[in-house]
Structures are given as C-alpha cells and as structure tokens.
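Open the model in a viewer and keep the selection tool ready.

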Amino acid sequence: NIPGEELFFGEDLNINRSVTTNVALKTTEGEPVSVQTTLEEITNSTNNFDFTVQGRKSDGTIFNDTVTLPPNATVQDLLNGIANKFGEDQVEVSLVNGFINVRDKREGNSLLDFHIYGTEEGGSGTLSFIKTNGVSDDSVYADSVPFEKIANNAFQSNLPQILISDNSYANEATKLSETTKNDLIGDSITVEVEDENGNSYNYTYDLDNTFSPNTAEEVTYGQLFRKITDDLNSETAFSNAKVQFDQTGKIVVNADGLASFSLSESDTTTNEVGLLFNANNALTVDDPKHDFFAAIDEAIEAVENGLLYPDGTSDTLSRNPGIENALARIDHLIEHVGKEHTKIGAMSNSLQYAVERSETLKLNVQSLRSEVLDTDIGEATMKLNQLSLNYQAMMASIARVQNLSLVNYL
C-alpha cells in the first residue's frame, strides 16, 4: 500500500541536512585536534591564514567569502567564522573526530552545501579540508569539476537540482532560476567534454541570448539539456547523446564516445557562481531526502574497505562518508521505514473501521427493511387461525342450510 518511490526515495520533513569535510584536521605531530587547538599547532606557521568559505545557504543563496584568522586562533574560532558566513541562526558548526560538520537548523531543507580551503598569508602553506577524486586543486569548489563516471559513456552529477519553493526535485520544465536565489542575468554556462581519443570540446551558453526568446530568468533545464544534446550529437566523435534527470534530481549524461563531462555556471564579469550542478563539496551525512539503495551501497563499500571515517586522500573512496556516518544514514532509513509502516498501520486501521461502520450500517438497513417488509409470524398465525375459524363457521352454516327442506319446515 506504499509506493516504492516513497519508501526508497522518500523525504522526512523532520530531518536536518548535515554535511562534513573529508580531510581530518591534525596537529603537526599527527595528533587529533580539539576545538582548543590553535592554527599554529596544525600548520606550524606563525602567519595569518585566509579561509575561503563557499557554499549554499538554506534559502538557496550561493556565496563566496573569506575568514582571516591569526596563528593563535583556535579551531573553535574557525568554526565560529564558518557559522557567521552562513548565518549563526541558520547552521550549527561543530568538530567531529577532526572533521568539520555543518548542520542546517532548518528542518526538511536539502539546499545546504559547503566548501572550505585555507591559504597562508605571505607564505606557501595551504590547508585542505575537502578532496574529491579527479579534482587536483583542492581550492576548486564548483568550477569545471568533472561528473562522476557511473557506467561506460555515462556520467552523473553529485548535486541534485532542488526547487527553493518546496524542496522538490527539479524536472525539465523547471526554470534554472527556481533553484537559486542568485541573479542569473549576465551569467553563462560552460560545458567541457572529452572524447575517448583525448580531444576536448567546449561550449559556452549565454543565458541572456543563447536560449532566445527566453531571458536568463526564464531558461528551463529542458532547454539546457536539449542544447547540450544537440551540440554533442553535432560532433562526429559522439553519438546517441542524451541529457536527463535521474530519480534523485541529479543530471545524467550519456553519449557514445564520451570520456569526460563537466558542467558549470558563473557570472561572466565577476566569476561568481549562481548555479550548482557538480562540486568539490562536503560529503552528505544526512538529508531530509534519501536514497535507500545509495545509502546501503555506501555502507557496504565503507565496511568492505574498513573505512571508519571519510578519507579524502583515497583515490576511489574520497566521496564515501565512512562507517560512522553511514550508520547515521541507516538510522534515518530505519526511522523512515518505520514511519511508512506506521502509515500502513494507520491506513489498515482506517480501513478496518470503515468496514465495521459498513457492517453496522448494513445491519441497521436490514433491520429497517425487515420491520417494513418482513412477516410478523405471531400476527400472521393469529390472523390465519381467525380466518380458519370463520371459514369453518361459514361451512357449518352452509351445511345446515343445505339440509333444510319444505318437509322439515312443515
């Protein structure tokens, strides 16, 4: 009685989205850090550090800002700086086993995204927090990050496209502007692909002019997908190209001969990002929306590889959240399945009550019908006896009359 899509790809509006970095902070001696550990103890540098904080807030606003801290600043100071850039009343930022965890305070919202990168002022030192396989520069957030290869000639983004208005997945009729708070006027979208022979192809779409007569605010995902499909099919290196959404709102690209694909958006004058398609971002710990099979697969992968916590240094497991975070996802899945079972129980009870009410109503109708139409046995018997006596008396009278004659009369 519960649709499979609702059970396995459902949504729980009481869940808060939570993300985590995948590179653990450690001291120069390799010891785990605490919130009181200073930046100097982590970097062995006496210079200030600039931390570039990027991401998307709960309201869909994509931002890029900087937190500057002295060497004696603590990890807690860094956490406070991150929270300040998101809005302290919007998120909770904490240190969990050396990883920075950002939790959205707004329930039932899946828009939160996060990236951070540290650079030493006046020096060459850097501090990495997030690494993604295939991205050589840890400072890169959403610029030309390649889609993940999921099958032969098939590539998938790692960020679902979600409507700000109701947290639902986008479809091809959805406008690009419905998934971001940022102004898209003057922005452009860049597609970078590579064929199996190593040849590169680049396409740039000006949102104000490429999809005329639609303006930047009116362009839909369907228009973008069709434009990309047409451009890929126009190249002799590719064929049977298709761009579409999967059931979790992620973009999937298929094309014979395709070896690499990336899709990014930015303002042509400021280089600020207005849309997120794919990113070198923090890993998802939990989310109101869930993918039952993906969560189980991640847990299996983590257990098979003995990955207790995220490991951004791994070439193949950089995006796996680890066993600890996988258990949190599984707890969510168990809770969700329990809720669905509860729905079934509630519906079953409602159905049973409806059946009982129907049976009672049927009995009442039958009683009323019986009172109107059915024979009263006692009354009918008495009436039959009365008619029988009358009939017998009449027959006796007739018999007497028949026996009379003129002789008897005289």
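Does Ser188 count as buried or exposed, and at what relative accessibility? Ser188 counts as buried because its relative accessibility is 7%, where buried means under 20% relative accessible area and exposed over 50%, with partly exposed in between (1.4 Å probe, protein chains only). This is a predicted model, in which local features need pLDDT of at least 70 and side-chain atom pairs count only at pLDDT 80 or more, while totals for chains, interfaces and linings use all residues. Residues are numbered from 1 along each chain as its sequence is written, and side-chain values use heavy atoms, without hydrogens and water.

Stay on Ser188, which sits in strand β10 (residues 187-195); strands (E, at least two residues) and helices (H or I, at least four) are DSSP runs numbered from the N terminus. Beyond four places in sequence, its contacts (heavy atoms within 4.5 Å) include Tyr205, Leu207 and Glu265.

Next, select the open antiparallel sheet, with strand order β8-β9-β13-β12; strands pair if DSSP finds at least two bridges between them. β8 (148-151) and β12 (239-245) are the edge strands. Inside, β9 (154-156) and β13 (251-256) share three bridges, and Phe155 has Val253 as its bridge partner.

Then select the largest nonpolar core, of 33 residues: buried Ala, Val, Leu, Ile, Met, Phe, Trp, Tyr and Cys joined through side-chain atoms within 4.5 Å. Helix α4 gives the most to this core, five residues. Leu263 is among the residues with the most contacts inside the core, and Leu263 touches Phe147, Ile228 and Phe277, among others. Finish at another core, of 30 residues, lying apart and including Val33 and Phe114.
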